[in-house]
Amino acid sequence: MKKETLIRAIAAALALVSVPASADAHLINTTLGDFYGGVLYPLSGPDDVVPWFALAILASIQDPRNARWLLFVFPVALVGGALLSVVTPALFISPAWNLAVIVVTGLAVAAAAKLPFPVFLGLGTLIALLHGYHNGQAMTQDTDRLLFICGVAAVGYVFVTLFTALAISFRQGGREWRLIALRASGSWVAAVGVIMIGLQLRTAVPM
Amino acid sequence: MPLAPAFAHTGTGTSAGLLSGFMHPITGVDHLVAMVAVGLWGQLGNPAIWILPIAFPLVMAIGGLFGVSGFDLPFTEIMIAISGIALGLAVAMNIRPPLWAAALLVGVFAVFHGYAHGRELPEAADPLAFGVGFVIATVLLHLCGILIGVLTRWPVGAQLVRASGAAIGAIGGYFLLSAMGLVT
């Protein structure tokens, strides 16, 4: 590097250093924080992740033509559920519904059931509506609702798409044990759901 | 002003529930050896490998239901210890019963293991996370047993696996004596 070029580079660097601007490591100040809030909220606990995982595995077992519809319907229904929480925030939805869909989805995976198209799509839509509503309830008055709901829909779409693709890729090895491993995961999801229903019943009916 | 210590991690919430659930089958040696033995025994023949990992959790969930509902299932500790003995001996002696008999035996034991997990659930920081944690741990323990069981393809490995079964049976025996109050 020539001497003049080096001096210019040092001068430019000094000029930049001497005029500091605020550095935002996190994008809250850019008003995109609520989008990431929506993305992270469903991932912060197993309530959403477990049934989404089971639904993705179930999609990988279905006929590809049917499974593809889920990728469109699921995020749309998430948005629908979240909007419903804005319109009717006090709607009571029994937690048993969430647990029931976990059990049903898990059992369908365990049985490697190829569901009729309306049943499969209805199950996916129901899960998305329930979870969209539940996630939408996390919004406060200060939350940018549009960004938050977009975040929830985006993470739901990405999660289900990625895990469906991973499961399909996993099965493509052709070995029988691969399908069994996927079925076993569904069995465990159903087991967790069954136990949680028991806990829910115990909570609902004090002993 | 009086200062109280501040704790960044308070042992509550999802992470604590997940961790305690995950550690429950692992820190309980009686659970641990029985779960590994199920995986080992699964190597008795291909159908067993395929059936047991799918059937086991569902049957275990029934036991879990008893546990969370507060139902008093008698002889839980004794049955868990006996499961270690029985499954360990089955591996050690290379017993190959009909599949239905193996599934029935494992199923009965699964109820008691599930019951023990279920009893802990209502006290968990996050019950669902606790359930997911103990499920992941149990799956991994089964997987350990299945992978160790791959050794049966070699003569020396088969001897090692049978010796492992004997060790599991011995550990189960210790827990049986402990459950009966004969050792401390």
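Tutor: What follows is a discussion of a predicted model, taken topic by topic.

Student: Start with the chains. How many residues of chain A are in contact with how many of chain B?
Tutor: On chain A, 21 residues take part, and they are in contact with 23 residues of chain B.

Student: Which helices of chain A each supply at least two residues of that side?
Tutor: Those are α3, residues 46-61, and α8, residues 176-204. The most comes from α8(A), which gives 14 residues to the side of chain A that touches chain B.

Student: And what is the make-up of that side by class?
Tutor: The side of chain A that touches chain B has 14 nonpolar residues, four polar and three charged.

Student: New topic: α2 and α7 of chain A. At what angle do their axes cross?
Tutor: The axes of α2 (residues 33-40) and α7 (residues 145-171) of chain A cross at roughly 40° and come within 6 Å. The two helices α2(A) and α7(A) are therefore oblique to each other.

Student: Left-handed or right-handed?
Tutor: The crossing of α2(A) and α7(A) is right-handed.

Student: Which residues meet there?
Tutor: From α2(A), the residues include Phe35(A), Tyr36(A) and Gly37(A), and among those they meet in α7(A) are Phe148(A), Cys150(A) and Val155(A). By class, the contact of α2(A) with α7(A) has ten nonpolar, three polar and one charged residues.

Student: Now chain B. How do α4 and α5 cross?
Tutor: Helix α4 (residues 76-92) and helix α5 (residues 99-120) of chain B have axes that cross at roughly 135° and come within 9 Å. Thus α4(B) and α5(B) are oblique to each other, and their crossing is left-handed.

Student: Who makes the contact?
Tutor: The contributors include Met79(B), Ile80(B) and Ser83(B) of α4(B), together with Phe109(B), Phe112(B) and His113(B) of α5(B). The contact of α4(B) with α5(B) divides into eight nonpolar residues, three polar and no charged.

Student: Is Thr138(B) buried or exposed, and why?
Tutor: Thr138(B) is buried, because 29 other C-beta atoms lie within 10 Å, and the cut-off for a buried residue is 20 or more.

Student: What does Thr138(B) contact, leaving aside neighbours within four places in sequence?
Tutor: Thr138(B) is in contact with Pro25(B) and Met35(B).

Conventions:
Residues numbered from 1 in each chain as written. Chains lettered and ligands numbered in written order. Predicted model: local features only at pLDDT ≥ 70, side-chain atom pairs only at ≥ 80, totals over all residues. Contact = placed C-beta atoms within 7 Å. Helix = DSSP H or I, 4+ residues; strand = E, 2+ residues; numbered from the N terminus. Nonpolar A, V, L, I, M, F, W, Y, C, P; charged D, E, K, R; others polar. Axes fitted to C-alpha atoms, helices over the stretch in contact; angles between N-to-C directions. Parallel < 35°, antiparallel > 145°, perpendicular 65-115°, else oblique. Left-handed = near helix turned anticlockwise from the far one by under 90°. Buried ≥ 20, exposed ≤ 12 C-beta atoms within 10 Å, placed from the backbone.
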